[in-house]
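Here is a brief report on selected helices, strands and loops. Please look over the sequence and the structure before reading on.

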Amino acid sequence: MSEIRSVVHALTVVDQVMATGGVRVREVAEDLGIAPSSAHRLLSTLASREYVVQDPHSRIYRPGVKLLGLTGGTVGTREIRHAAHRPMEALAAATGESVSLSVLIRSEVEFVDGIESGHILRASPRIGARLPAYSTAGGRVLLADLAPEDVSGMFGGGLKKLTDRTVDTVPELTGMLARIRQAGYAVSRGESTEGISAVAVAIRPAGGRAAAGLAVVAPTERLPDTGLSVIIDHLLRAAGDTAAALPHTAGRSAGPGSEERID
């Protein structure tokens, strides 16, 4: 790789990381047309200079301290998880259901933490898993924070149905997001997994954009419409407690990490 090409590749990766909140080795290799080993070396070099960091759980490279210093900072995944965990435990205790925490990565949500319900029949948090953002309640509250034209561009290739209930057109999605903006919460019913429903709100640092989605997740029969108002109140309280513990900076998730592994 020539010196000039290396610089261009490094700048391209920096742009990708800041635009999307995080990249994987495989994504960088595909986008730049280079071998995964070369992409890993490039990301490792950027990490050694603190321009990016790798989350040890998701293996995603996110903005490092130098990039955050240039942009004014973002809220990191690890910071969000740390701030949210006790409120999530209180939320799970108050509702008796599972709780999940998710962040937006490109057009998907990644589940970064969760508390499992004690019920025998329950929705288990899928920590580390990714799903299309439009198919989950937590993803929708994050998409609702974006401009409609950005959402349309993000899903220009169409929406894939995960179940018979999944929203599958961009106009339907943008209309749904408008209603979520007005209501302040999102509901999904069997749209990513049959028989599982969720209600979610955004965690929003003071003066910033939505940093994560916080959701109560349960078998659909235990989340009837008639009982949602009480759950939403608990969610808003937990989201507020989490936001109060976060740095007062805007942005999407960008968590520190140190493990260097080829994705």
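In what order do the six strands of the open sheet stand? The order is β5-β4-β3-β8-β7-β6, and the pairing is antiparallel. Note that this is a predicted model. At the edges stand β5 (130-132) and β6 (186-189). Each has a single partner strand, so one side of each is left without a neighbour in the sheet. From one strand to the next, the twist averages 30°.

One pairing can be followed in detail. Strand β4 (residues 108-115) pairs with β5 over three bridges, in the antiparallel sense. Opposite Val109 stands Leu131 in β5. In general, the strands of a sheet pair through backbone hydrogen bonds.

Helix α9 (residues 228-245) lies across β6, β7 (196-203) and β8 (212-219). The helix α9 runs at about 40° to β7.

| Element | Residues |
|---|---|
| β4 | 108-115 |
| β5 | 130-132 |
| β6 | 186-189 |
| β7 | 196-203 |
| β8 | 212-219 |
| α9 | 228-245 |

Now to a pair of helices. How do α2 and α3 pack? The angle between α2 and helix α3 (residues 36-48) is about 110°, and their axes are 8 Å apart. An angle of 65 to 115 degrees counts as roughly perpendicular. Therefore α2 and α3 are roughly perpendicular to each other. The crossing in which α2 passes α3 is right-handed. On the α2 side, the contact is made by Val25, Val28, Ala29 and Leu32. On the α3 side, Pro36, Ala39, His40, Leu42 and Leu43 make the contact. By class, this contact of α2 with α3 has eight nonpolar residues, one polar residue and no charged residues.

Which residues of helix α2 (residues 25-32) are buried? They are Val25, Glu27, Val28, Ala29 and Leu32. Just after α2 comes Gly33, which takes a positive phi of about 70°.

Gly156 is found between α7 (148-154) and α8 (170-183). Is Gly156 buried or exposed? Exposed means over 50% relative accessible area. Gly156 has a relative accessible area of 65%, so Gly156 is exposed. Thr169 lies 13 residues from Gly156 along the chain. The C-alpha atoms of Gly156 and Thr169 are separated by 9.8 Å.

How values were computed:
Residues are numbered from 1 along each chain as its sequence is written. This is a predicted model: local features need pLDDT of at least 70, side-chain atom pairs count only at pLDDT 80 or more; totals for chains, interfaces and linings use all residues. Side-chain values use heavy atoms; hydrogens and water are left out. Buried means under 20% relative accessible area, exposed over 50%, partly exposed in between (1.4 Å probe, protein chains only). Helices (H or I, at least four residues) and strands (E, at least two) are DSSP runs, numbered from the N terminus. Axes are lines fitted to C-alpha atoms, for helices over the stretch in contact, and angles run from 0 to 180 degrees between N-to-C directions. Angles under 35 degrees count as roughly parallel, over 145 as roughly antiparallel, 65 to 115 as roughly perpendicular and the rest as oblique. A crossing is left-handed if the near helix is turned anticlockwise from the far one by less than a right angle, and right-handed if clockwise. Contact means heavy atoms within 4.5 Å. Ala, Val, Leu, Ile, Met, Phe, Trp, Tyr, Cys and Pro count as nonpolar, Asp, Glu, Lys and Arg as charged, and the others, Gly among them, as polar. Two strands pair if DSSP finds at least two bridges between them.
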